[in-house]
Amino acid sequence: MTIWRVLRRAGLDRLRGGHDWDLASLRRVARGARAYRTRPAATAADLDARDSANSTRTLTRFLGAAKPHLVHCRTPSQVSRILRQAR
């Protein structure tokens, strides 16, 4: 059912003049949807490996070079304040 909804949205987008969906994109989405439904359930080891890849340590290492330019906002009001200052 998912792929049909995607195809319908893509078709409607094209009819409205959009150019986001081409045949290659539709094929990729169809393959991904089919693979998602047919893949085996994750084991505990799979989940552990996935979660460790998204750890704070990994994120810190990834963002290390950009650290002087990063701003950590904890609330929407902090985001609004920083955006106002940037103008």
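Helices (H or I, at least four residues) and strands (E, at least two) are DSSP runs, numbered from the N terminus. On that basis, the chain of this predicted model holds five helices and zero strands. Read from the N terminus, the order of its elements is α-α-α-α-α. The radius of gyration of the chain is 20 Å, well over the 12 Å that the globule rule gives for 87 residues, and the chain is therefore more spread out than a compact globule.

**Overall dimensions**
- Taken along the principal axes, the box filled by the C-alpha atoms of the chain is roughly 45 × 45 × 25 Å.

**Packing of α1 and α2**
- Helix α1 spans residues 2-15 and helix α2 spans residues 23-38.
- The two helices pack at an angle of about 165 degrees, and their axes lie 9 Å apart.
- Because angles over 145 degrees count as roughly antiparallel, α1 is roughly antiparallel to α2.
- The crossing in which α1 passes α2 is right-handed.
- On the α1 side, the contact is made by Thr-2, Ile-3, Val-6, Leu-7 and Ala-10.
- On the α2 side, Leu-26, Val-29, Ala-30 and Arg-37 take part in the contact.
- Seven of the residues in this contact of α1 with α2 are nonpolar, one is polar and one is charged.

**Confidence of the prediction**
- The chain has a mean pLDDT of 81, with 99% of its residues reaching 70 or more.
- Helix α5 (residues 76-86) has the highest mean pLDDT among the elements of the chain, at 91.
- Helix α3 (residues 44-53) has the lowest mean pLDDT among these elements, at 76.
- Where pLDDT is low, the predicted coordinates should not be read in detail.

Conventions:
Residues are numbered from 1 along each chain as its sequence is written. This is a predicted model: local features need pLDDT of at least 70, side-chain atom pairs count only at pLDDT 80 or more; totals for chains, interfaces and linings use all residues. Side-chain values use heavy atoms; hydrogens and water are left out. Axes are lines fitted to C-alpha atoms, for helices over the stretch in contact, and angles run from 0 to 180 degrees between N-to-C directions. Angles under 35 degrees count as roughly parallel, over 145 as roughly antiparallel, 65 to 115 as roughly perpendicular and the rest as oblique. A crossing is left-handed if the near helix is turned anticlockwise from the far one by less than a right angle, and right-handed if clockwise. Contact means heavy atoms within 4.5 Å. Ala, Val, Leu, Ile, Met, Phe, Trp, Tyr, Cys and Pro count as nonpolar, Asp, Glu, Lys and Arg as charged, and the others, Gly among them, as polar. pLDDT is the predictor's confidence in each residue, from 0 to 100. The radius of gyration is taken over C-alpha atoms; the globule rule is 2.2 Å times the number of residues to the power 0.38.
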